[in-house]
Amino acid sequence: MKLYNSASHKKEGFIPHEPGKVTMYTCGPTVYHFAHIGNLRSYLMEDVLEKFLRYDGYDVKRIMNITDVGHLASDADTGEDKMVKGAKREHKSVMEIAQFYTDAFFADCKKLNIKYPDVVQPATGMIDDYIKVITKLLDTGYAYVAGGNVYFDTSKLEKYYVFNDHDEEDLAVGVREGVEEDLNKRNKNDFVLWFTKSKFEDQALKWDSPWGVGYPGWHIECSCISMKYAGEYLDIHCGGIDNAFPHHTNEIAQSEAYLGHPWCKYWMHVHHLNTNDGKMSKSKGEFLTVSLLEEKGYDPLVYRFFCLQSHYRKSLVFSWENLDNAKVAYDKLVARVAALSDDPAPVDEEAAAKYKAAFIEAVGNDLNTSLGVTALYDVLKADTSDATKRALIDSFDQVLGLDLLKKAAAQREKAAAPVEGAEEIEALIAKRLEAKKAKDWATADAIRDQLKEMGVEIKDSKEGTTWTRV
Ligand SMILES: [Zn+2]
């Protein structure tokens with residue numbers, strides 16, 4: 001497949017380090033709050049990438065960390081620890097918060113058909129590894145101790161600005177955000193590997209280390225977790241575009257300094273979900289979660305479908321209206337699949353191979369999911385048997401994850417099922433007809449109201465009266 005590599009700034013043919021195998025690392029959630037659907041867009045598109053690689057015949061190992069310590073409110077090593085903040089807010093312990101929101105995160109993923117990663121590693125379970133890596137970075141001169149903390153020395157690198165989106169001016173993040181500058185840093189982009197001087201006395205999670213009791217910086221966890229499970233060469237590192245700097249930049253700095261050779265070859269960054277009034281935060285004061293979508297009556301897979309319709313490297317504008325459009329299209333798609341016959345005719349293998357090749361060509365071109373969806377419509381329109389169509393839809397859906405056959409089967413079942421209370425409804429309709437014939441409008445209207453209260457809507461026409469449940 002061809003994949004846009006943020007590190008080289010171009011689309012490249014994908015060649016894994018070991019033929020046939022892919023190691024894939026995803027920066028997991030900081031588990032202090034429910035996941036925003038904007039963040040879930042990243043996981044969703046990464047899930048499509050993983051599924052596509054498997055579909056294309058690769059043996060994929062996907063690794064994800066869970067940040068349950070060390071992620072400060074500002075990415076520039078300042079502000080309060082997000083986990084401690086969450087715990088304080090909810091009057092719970094940090095570990096309780098971590099467990100609760102980890103479970104909530106994976107429950108959301110499941111609803112969106114995002115596969116559970118092969119490895120999930122909470123950051124707090126890897127302290128010895130961080131200490132080992134930091135010790136080597138100190139020994140080799142890439143790190144220094146100042147004011148009780150251990151810092152990575154970015155001036156020791158030949159190249160720091162890997163993703164090139166930022167210039168020197170831009171990088172004074174701390175200053176720009178109006179948070180206090182860390183005067184221990186020798187260079188403004190240096191970052192903390194190990195904190196001992198926490199400004200927060202109630203920092204709940206602390207571990208002993210050669211540099212004093214403290215806790216790891218955020219970036220070091222991803223490097224160590226990746227190296228533990230994927231080895232010294234990582235094929236694809238994924239994440240939201242907002243993680244490119246400083247998080248991923250710093251991961252590269254410390255990993256390559258530690259290993260002494262290039263570390264991760266392909267970097268895939270998913271762009272933002274925006275609302276009309278700005279960056280993906282809130283929509284009219286609502287914090288956008290999967291639960292909120294459900295409360296408003298949307299199937300979470302409608303959101304998945306919505307995401308698939310646009311390219312992961314473009315920002316996507318979220319609005320309820322846009323989501324409604326996706327819902328209409330998704331429902332229509334399910335209805336079209338449901339309308340396919342159970343035709344037992346054998347699958348036309350030749351036609352199937354042709355459509356599969358087109359699908360692989362589309363999605364394999366830097367994950368063009370909207371063309372992948374188009375390939376699905378092409379199948380529905382194709383001049384081939386319904387059995388072939390069903391087989392192809394099943395096949396493409398291994399990548400797209402829209403549950404199309406399952407939803408279509410459910411829809412057919414619902415349509416075929418006898419409706420509860422149908423006899424009673426029919427009897428009332430007959431009684432109403434009699435009343436109408438006798439010009440007893442009061443009774444006829446009363447029956448209509450009674451039916452309405454039962455959730456039944458009737459429609460009179462020349463052919464008679466039909467009814468539907470509303
Ligand atoms: Zn990370």
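**Stop 1: two helices in contact**

Select Leu-333, Val-334, Ala-335, Val-337 and Ala-338 in H10, then Leu-404, Leu-405, Lys-407, Ala-408, Gln-411 and Arg-412 in H14; these two groups meet. By class, this contact of H10 with H14 has eight nonpolar, one polar and two charged residues. This is a predicted model.

Now show the whole of helix H10 (residues 320-338) and helix H14 (residues 404-416). Their axes come within 8 Å and cross at roughly 75°, which makes H10 roughly perpendicular to H14.

**Stop 2: the domains**

Colour three ranges separately: domain 1 (2-270), domain 2 (290-416) and domain 3 (422-469). The centres of domain 1 and domain 3, taken over C-alpha atoms, are separated by 64 Å.

**Stop 3: a five-strand sheet**

Next, find the open sheet of five strands with the order S7-S4-S3-S12-S13 and parallel pairing. Which strands are at its edges? They are strand S7 (119-122) and strand S13 (264-270), each pairing on one side only. From one strand to the next, the twist averages 20°.

Select strand S4 (residues 59-66) together with S7: four bridges join them, and they run parallel. Ile-63 stands opposite Val-119 in S7.

H6 touches S3, S4, S7 and S12, and its direction makes about 150° with that of S4. Helix H1 (residues 37-55) lies across strand S3 (21-26), S4, strand S12 (234-240) and S13, and runs at about 130° to S13.

**Stop 4: from H6 to H7**

The crossing of H6 and H7 is right-handed.

To see the contact, select Trp-218, His-219, Ile-220, Cys-222, Ser-223 and Met-227 in H6, which meet His-247, Asn-250, Glu-251, Gln-254 and Ser-255 in H7. By class, there are four nonpolar, six polar and one charged residues in this contact.

**Stop 5: a four-strand sheet**

Finally, turn to the open sheet of four strands in the order S8-S9-S10-S11, where the pairing is antiparallel. Strand S8 (143-146) and strand S11 (215-216) stand at the edges with a single partner strand each, so one side of each is left without a neighbour in the sheet.

Zoom in on strand S10 (residues 191-195) and S11, which run antiparallel and are joined by two bridges. Here Phe-195 stands opposite Tyr-215 in S11.

Terms used: Residues numbered from 1 in each chain as written. Predicted model: local features only at pLDDT ≥ 70, side-chain atom pairs only at ≥ 80, totals over all residues. Axes fitted to C-alpha atoms, helices over the stretch in contact; angles between N-to-C directions. Parallel < 35°, antiparallel > 145°, perpendicular 65-115°, else oblique. Contact = placed C-beta atoms within 7 Å. Nonpolar A, V, L, I, M, F, W, Y, C, P; charged D, E, K, R; others polar. Domains from an automatic or database assignment. Left-handed = near helix turned anticlockwise from the far one by under 90°. Pairing = 2+ DSSP bridges.
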